[in-house]
Amino acid sequence: MFRWLSFFLLAAVALQAAAQSLPPIYDKTPKAIRQATVLAEFPPQTFLENIALDKSGNMVINSHLDGKVYKVDQTGKKVEWSTVDGKIAGLLVNQDGSAFVSGWVKGSEPAVFAIDASGRSEVFAKLEQGMFPNGMLRLNAKDILVVDSYKGVIWRIDTKTKQVSTWLKDALLERGDSNNPTPAVNGIKSYHGDVYLSNTAKQTLLKVTVQKGEAKSITVVMDQIGLDDFDFDHQGTLYGATHVYNSLVSVAQNGKVTVIAGLEEGMAGSTAVATRVNGKKTSVFVTTNGGMSLPPAGGVQTAKVVKLDVSE
């Protein structure tokens with residue numbers, strides 16, 4: 001346990017140092033700032049890590065360091081829904097109101113936790129060969145995928161048998177430099193049957209072609225794109241949280257990148273994104289950690305849940 005705790009503390013310090021010399025990939029990116037509404041705030045040093053929407057439209061939100069899971073409604077009212085015995089990163093909400101979260105049992109053993117609709121949590125499956133379980137995606141009715149940001153693989157978990165196997169292993173998923181504490185493969189989403197992944201350490205966006213539930217090929221869609229988590233709208237526009245770049249970007253299908261929110265819109269330490277389409281209107285929901293990984297001028301801010309309406 002203490003080995004892993006020490007590792008992540010050292011990694012956090014190293015990440016802050018590395019972030020001081022960020023590549024200027026967004027310095028000349030066009031801006032089209034959208035109006036943003038802060039729906040909810042949490043105390044400084046709260047590391048909101050992931051977000052998903054349930055079938056009622058509520059936001060389900062992970063708090064990384066303390067293992068708490070919150071629900072936030074459209075008015076911004078927040079309630080603590082569940083707590084797991086460890087630290088958490090990835091999040092997957094099921095149609096029946098239950099959820100899976102990835103993380104570490106007691107902060108040390110990589111695992112996936114199950115949360116039932118009432119909020120009761122338990123260890124679902126341990127990732128014996130895992131290192132940094134992160135983003136999650138449902139592959140089909142029985143299988144879920146879990147990216148491993150340090151192992152450089154994507155795990156498949158059969159939710160019926162709890163069997164863990166490797167779905168995809170590739171150098172494009174890795175950090176490249178094991179001394180770099182920045183997560184490699186990180187966010188994971190599906191669009192039109194393909195799986196898209198962000199590699200934060202290498203600043204790439206990846207596409208995995210899927211056939212009958214199996215990964216057939218992996219390619220680099222974009223490079224020099226600093227993304228943490230992201231999501232798509234119905235037209236294929238990607239909305240990405242840039243974390244240490246303190247912004248939210250949109251990526252059109254033609255590859256055009258636009259900064260649509262920054263520090264003034266509450267994006268300090270933007271970590272995760274979920275989109276909701278209602279007719280012609282798309283709303284984007286973003287979680288932040290207030291800049292814990294690279295504090296902005298003035299220091300770490302409150303962690304936030306922010307809503308942007310991006311299309312009419």
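**Salt bridges and their partners**

Guide: Let's begin with Asp158 and Lys142, whose side chains meet in a salt bridge at 3.1 Å, N to O. Keep in mind that this is a predicted model.

Visitor: What makes the contact between Asp158 and Lys142 a salt bridge?
Guide: The cut-off is 4 Å between a Lys or Arg side-chain nitrogen and an Asp or Glu carboxyl oxygen. Here the N to O value is 3.1 Å, so the pair qualifies.

Visitor: Where in the chain do Asp158 and Lys142 sit?
Guide: Asp158 is in strand β12 (residues 153–158), while Lys142 is in the loop between β10 (133–138) and β11 (143–148). They are 16 residues apart, and the pair links distant parts of the chain.

Visitor: What joins Asp143 and Arg156?
Guide: Another salt bridge, with 3.6 Å from N to O. Asp143 belongs to strand β11 and Arg156 to strand β12, 13 residues apart. Both ends pass the burial test: Asp143 has 3% relative accessibility, and Arg156 has 14%.

Visitor: Which residues do salt bridges with shared partners join into one network?
Guide: Lys142, Asp143, Arg156, Asp158 and Glu214.

Visitor: How do you know that Lys71 and Asp54 form a salt bridge?
Guide: Their closest N and O atoms are 3.9 Å apart, and the limit is 4 Å, so the pair is in. Lys71 lies in strand β4 (residues 68–72) and Asp54 in the loop between β2 (48–53) and β3 (59–63), so the bridge ties together parts 17 residues apart in sequence. Asp54 is buried, at 13% relative accessibility.

Visitor: How many salt bridges does a search of the whole structure find?
Guide: It finds 13.

**A serine and its contacts**

Visitor: Is Ser149 buried or exposed?
Guide: Buried: its relative accessibility is 0%, against a limit of 20%. Ser149 is found in the loop between β11 and β12.

Visitor: What makes the Ser149 and Asn134 pair a polar contact?
Guide: Their side chains are joined at 3.1 Å, and the N or O atoms of such a pair must be within 3.5 Å. Beyond its neighbours within four places in sequence, Ser149 is in contact with several residues, among them Phe132, Arg175 and Pro183.

**Strands and sheets**

Visitor: How do you know that β15 and β16 pair?
Guide: Pairing takes at least two bridges. Strand β15 (residues 194–199) and strand β16 (residues 204–211) have 5, in the antiparallel sense.

Visitor: What about β16 and β17?
Guide: They run antiparallel and are joined by 8 bridges, again meeting the requirement of at least two. This hairpin has 2 residues between its strands, with Lys212 in the turn at a positive phi of about 50 degrees.

Visitor: Why do β6 and β9 count as edges of their sheet?
Guide: The open sheet runs β6-β7-β8-β9, with antiparallel pairing. β6 (86–93) and β9 (121–126) each have a single partner strand, so one side of each is left without a neighbour in the sheet.

How values were computed. Residues are numbered from 1 along each chain as its sequence is written. This is a predicted model: local features need pLDDT of at least 70, side-chain atom pairs count only at pLDDT 80 or more; totals for chains, interfaces and linings use all residues. Side-chain values use heavy atoms; hydrogens and water are left out. Helices (H or I, at least four residues) and strands (E, at least two) are DSSP runs, numbered from the N terminus. Buried means under 20% relative accessible area, exposed over 50%, partly exposed in between (1.4 Å probe, protein chains only). A polar contact is a pair of N or O atoms within 3.5 Å; within protein, one must be able to donate a hydrogen and the other to accept it, and residues adjacent in sequence count only if both atoms are side-chain atoms. Contact means heavy atoms within 4.5 Å.
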